[in-house]
Amino acid sequence: MNPTDLAAPKALEPPVLGPPPLLELKNLVVAYGGVEALHGLSLTVGQGELVTILGANGAGKSTTLMTISGLLRPAKGEIYFKGQRIDLLPSHEVVRLGVTQSPEGRRVFGPMTVEENLILGAFTRKGQDLTPDLTRVYYLFPRLWERKKQLAGTLSGGEQQMLAIGRALMARPTLLLLDEPSLGLAPLLVKSIFATIKEINESGVTIILVEQNARAALKLATWGYVLDVGHLALSESATRLLNNQKVRDAYLGAR
Amino acid sequence: MLSHFFEQIIYGLTVGGVYALIALGYTMVYGVMKLINFAHGELFTLGAFVGFFFLVTLDLGSFWGPVLAISLTVVGVSGITALAGRLLERVAYRPLRDSDRLAAVVSALGASIFLQNLIMVVSGAKYRAFGVDLLPTTFIQFAGQSVPVARLFVFLTAVVTMLLLYVFINNTRFGLAIRAAAIDQGAARLMGVDVNKVIAVVFVIGPALGGLAGLLVGVYYGQINFDMGQLYGLKAFTAAVIGGIGNIPGAMIGGLLLGLLETLGAAYVSGAWKDALSFVALILILVIRPTGILSERVAEKL
């Protein structure tokens with residue numbers, strides 16, 4: 001043994017500051033068919049938080065969510081969920097660990113009934129009784145109860161959005177990813193859906209909300225991240241972002 | 001006259017049941033992978049030859065009697081063709097999953113040629129006769145008509161198999177996952193569905209049904225040939241398109257309709273026009289209603 005090894009100082013460990021964050025992205029680089037969509041994104045989300053990711057079209061918001069869900073593979077970087085590395089896992093393993101998503105464009109299974117869509121949401125919970133979960137979703141979205149035997153493709157846009165969110169709750173997620181839940185919906189409906197998102201968060205589910213409707217999202221969230229073409233431009237509390245002049249100009253419109 | 005018509009209907013349903021069984025393999029694979037498995041007809045041929053091996057080469061019937069021998073052969077044929085289908089997917093399709101669609105189609109055609117030649121090399125290019133009458137040659141009376149038991153056997157086997165598949169697809173958890181993967185693979189993955197597993201299962205069920213159809217054709221007509229899968233494959237593909245490719249009940253109905261069309265056409269128009277009629281039907285469907293008769297009625301809302 002080389003005596004200098006013994007003399008080498010021990011590497012400095014960072015001080016431990018309580019439990020690790022629920023989700024941690026480290027220097028995430030994601031490329032889509034040769035074009036880089038994320039250039040080294042790092043962010044953390046704590047247990048029980050409701051955070052929002054803002055940014056213009058093409059900023060990489062949906063890419064971020066799809067990478068967390070395991071549908072896209074990062075070229076570089078790592079994702080940790082509850083301290084476990086998940087960026088190399090297949091998507092169904094990620095769902096099993098407790099990360100679900102209501103994707104952009106809702107993507108409900110049109111030729112299936114509302115209830116079949118919800119049951120599919122609980123696909124990873126093999127052999128478990130789904131009655132309490134169905135009841136909870138129907139309680140959150142009574143419209144779905146009225147239409148449970150109807151084909152999902154015949155629902156209105158708003159109802160499909162409710163179904164997409166309800167479906168993502170069926171797996172009893174720890175972390176819920178919501179991609180543009182207000183897109184194309186009437187203002188009144190947006191209000192009601194956002195109220196439900198708040199209710200879901202208060203029941204203990206951590207939420208990452210990607211939104212075009214930045215003002216509403218920041219009013220709901222505790223923390224906000226602003227993406228700018230694949231980079232993290234800002235990471236601040238939602239109230240500070242609401243009052244940030246640059247954010248106001250870029251995302252909140254003149255009011 | 002009426003009895004002649006009735007006979008043609010029974011015959012049409014028999015042939016149609018076979019088409020439907022094969023068509024299910026095309027439609028299930030297309031539904032999940034958006035790929036026409038051109039080697040499916042050869043899996044049908046393989047089923048016929050495996051059946052020949054069990055029933056004639058090994059002559060299981062003389063050891064165990066026809067009922068046990070046929071049951072065992074059904075299990076053997078479905079098992080071996082399922083295994084072949086699984087292997088086909090791993091070797092010819094999975095490596096190309098993320099590449100151009102055309103590459104997978106070319107690979108499918110290559111696999112078809114390879115399998116057909118493999119069967120020819122192993123078993124010879126000549127016709128093989130089952131020889132023994134495995135199916136009873138008796139008739140039963142139904143609605144005042146005589147129905148050959150052999151035809152009934154083929155038709156009922158096809159119908160029972162299809163009903164089992166229908167129940168599996170519509171009433172089980174995994175069946176739901178298969179349907180979901182066929183509608184939107186990405187969304188199915190977000191639900192926690194392992195799409196690789198779905199594809200594997202589809203490549204087990206489809207070939208098993210195709211192989212079973214090959215066995216039925218073998219024992220019913222009594223002779224098989226290494227390229228029999230070509231015409232049957234094309235017909236079944238036609239049936240799948242008529243019903244709406246990717247649609248499981250569509251393949252069942254499309255198969256039965258095509259069988260009826262072909263037999264009635266052969267009986268009342270001309271036997272020589274039998275195949276032409278099928279492909280005219282294919283062209284008409286593609287021109288008039290390319291999504292098939294049972295295509296999705298639900299408009300996708302975005």
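Over which residues of chain B does pLDDT stay under 50? The stretch is residues 297-302 of chain B, for which the model still has 12 contacts beyond four places in sequence, where pLDDT is the predictor's confidence in each residue, from 0 to 100, and two residues are in contact if their C-beta atoms, placed from the backbone, lie within 7 Å. Where pLDDT is low, the predicted coordinates should not be read in detail.

What we have here is a predicted model, in which local features need pLDDT of at least 70 and side-chain atom pairs count only at pLDDT 80 or more, while totals for chains, interfaces and linings use all residues. Residues are numbered from 1 along each chain as its sequence is written, and chains are lettered from A and ligands numbered from 1 in the order in which they are written.

Let me stay with confidence for a moment. Chain B has a mean pLDDT of 90, with 96% of its residues at 70 or more, and chain A also averages 90, with 91% of the residues scoring at least 70. Within chain A, confidence is lowest in helix α1 (residues 3-7), at a mean of 51, and highest in strand β6 (residues 99-102), at 98; helices (H or I, at least four residues) and strands (E, at least two) are DSSP runs, numbered from the N terminus. For the complex, the predictor gives an ipTM of 0.90 and a pTM of 0.88.

Now to the contact between the chains, which takes 28 residues from chain A and 21 residues from chain B. On the side of chain B that touches chain A, the elements giving two or more residues are α6 (173-183) and α7 (185-190) of chain B, and the largest share, 6 residues, comes from α6(B).

Inside chain B, helix α2 (residues 40-57) and helix α4 (residues 101-123) pack at an angle of about 20 degrees with their axes 9 Å apart, the axes being lines fitted to C-alpha atoms over the stretch in contact, and angles running from 0 to 180 degrees between N-to-C directions. The helices α2(B) and α4(B) are therefore roughly parallel to each other, a term for angles under 35 degrees.

Finally, in chain A, strands β1 (residues 23-32) and β2 (residues 35-45) pair in the antiparallel sense over 8 bridges, pairing being called if DSSP finds at least two bridges between two strands. Leu28(A) has Leu41(A) of β2(A) as its bridge partner, and in the hairpin of β1(A) and β2(A), with 2 residues between the strands, Gly33(A) takes a positive phi near 50 degrees.

Note on methods. Angles under 35 degrees count as roughly parallel, over 145 as roughly antiparallel, 65 to 115 as roughly perpendicular and the rest as oblique.
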